[in-house]
Amino acid sequence: MKYAVISAAIILASAAHAAPAPVEDVAGGSSDDRVARLERIVKAKQQTEFAMQQRLGALQQEVLDLRGLSEQQSYQIEQMLQRQRQLYEDIANISSKPAAAVSVASSNSTTTASSTLGETASYEQAVNLVLKEKKYEAAIPAFAQFIENYPDSSYAPNANYWLGQLLYNKSEFVGATKAFTTVVDKFKDSGKRGESLVKLGMISEKTGDKAKAKAYYQQVVKEYANSAAARIAQQQLSAL
């Protein structure tokens, strides 16, 4: 559709230059008659060109609208893929932990195995409240409790990110900031660190600190170039 609109705009533009003026015999008659006929010809040509320019302008605006829609859809698709990757990552982590627990149990480390199973079950329960049951309010204390019980768990970066996101959605920015900052400062190798920096930038924007937001976005672009987080950060920077 976009290319059809652009082609139509080009054809109209060409037609605007190529369209001949209305044919009218200006020879013969008095001078006043000839002048009047010439004025009518010029006026008709001007009206034709004006109409063509209006059509061309409308088509150009439609092209711009389509381009904006395309960019918006690309951003939404990227966000969807990002959420999908997060889901796959959580599923992979949940699936891998019980195997580790079984391995520990086979080594007769009963206490460690029990602890690992409790950790996995707690995290899985909190995730399921979001992904399966859509009980977002209940998920907040579930993730908070998991973080309190297992602050150094391999799930902890994601748990803090989930908690931050849930609080962010409720505009509880103090708690969200604490959760995202934990990911940034404590789990520097986490795949959620770049996204947490973006969220901290968004919180800074919403609370009126554009300078701080800009610093967060620039940090993401610098440290996570070519990532999905960097693309979002660049879009936020452009909108500041």
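**Group meeting: charges and rings in a predicted model**

Okay, let's start with a lysine on a ring: Lys199 lies over the face of Tyr168, 4.9 Å from the ring centre. To count as a charge over a ring, NZ of Lys or CZ of Arg has to be within 6 Å of the ring centre and within 35 degrees of the ring normal. Lys192 does this too, over the face of Tyr161, at 4.3 Å from the ring centre.

Quick housekeeping. This is a predicted model, so local features need pLDDT of at least 70 and side-chain atom pairs count only at pLDDT 80 or more, while totals for chains, interfaces and linings use all residues. Residues are numbered from 1 along each chain as its sequence is written, and side-chain values use heavy atoms, with hydrogens and water left out.

Now, salt bridges. Side chains of opposite charge can pair when their charged atoms come close. The cut-off here is a side-chain nitrogen of Lys or Arg within 4 Å of a carboxyl oxygen of Asp or Glu. How many salt bridges does the structure hold? Six.

Take Lys186 and Asp152, whose closest N and O atoms are 3.1 Å apart. That pair links distant parts of the chain, 34 residues apart: Lys186 is in helix α6 (residues 173–186), and Asp152 is in the loop between α4 (136–149) and α5 (156–169). When I say helix, I mean a DSSP run of H or I, at least four residues, numbered from the N terminus (strands are E runs of at least two).

Are these two buried or exposed? Buried means under 20% relative accessible area, exposed is over 50%, and partly exposed is in between, with a 1.4 Å probe and protein chains only. Lys186 is partly exposed at 43%, and Asp152 is exposed at 63%.

Next, Arg193 and Glu223, with a salt bridge at 2.8 Å, N to O. Arg193 sits in helix α7 (residues 193–206) and Glu223 in helix α8 (residues 210–223), so this pair ties together parts that are 30 residues apart in sequence. Arg193 is buried, at 8% relative accessible area, whereas Glu223 is partly exposed at 41%.

While we're on helix α8, Ala215 is in there as well. Ala215 is partly exposed, at 41%. From Ala215 to Gly201 you go 14 residues in sequence and 7.7 Å in space, C-alpha to C-alpha.

There's also a salt-bridge network, and which residues are linked in it? They're Glu137, Lys170 and Glu172. Within that, the side chains of Glu172 and Lys170 meet at 3.1 Å, N to O. Glu172 is partly exposed at 35%, and Lys170 is partly exposed with 35% as well.

Last topic: aromatics. A pair of rings is described by the distance of the centres and the angle of the planes. Rings of Phe, Tyr and Trp (its six-membered ring) pair if their centres lie within 6.5 Å; planes under 30 degrees apart are stacked, over 60 edge-to-face, and the rest tilted. The structure holds eight aromatic pairs.

One of them is Phe143 with Trp162, stacked, at 6.0 Å centre to centre and 10° between the planes. Phe143 lies in helix α4 and Trp162 in helix α5, so the pair ties together parts 19 residues apart in sequence.
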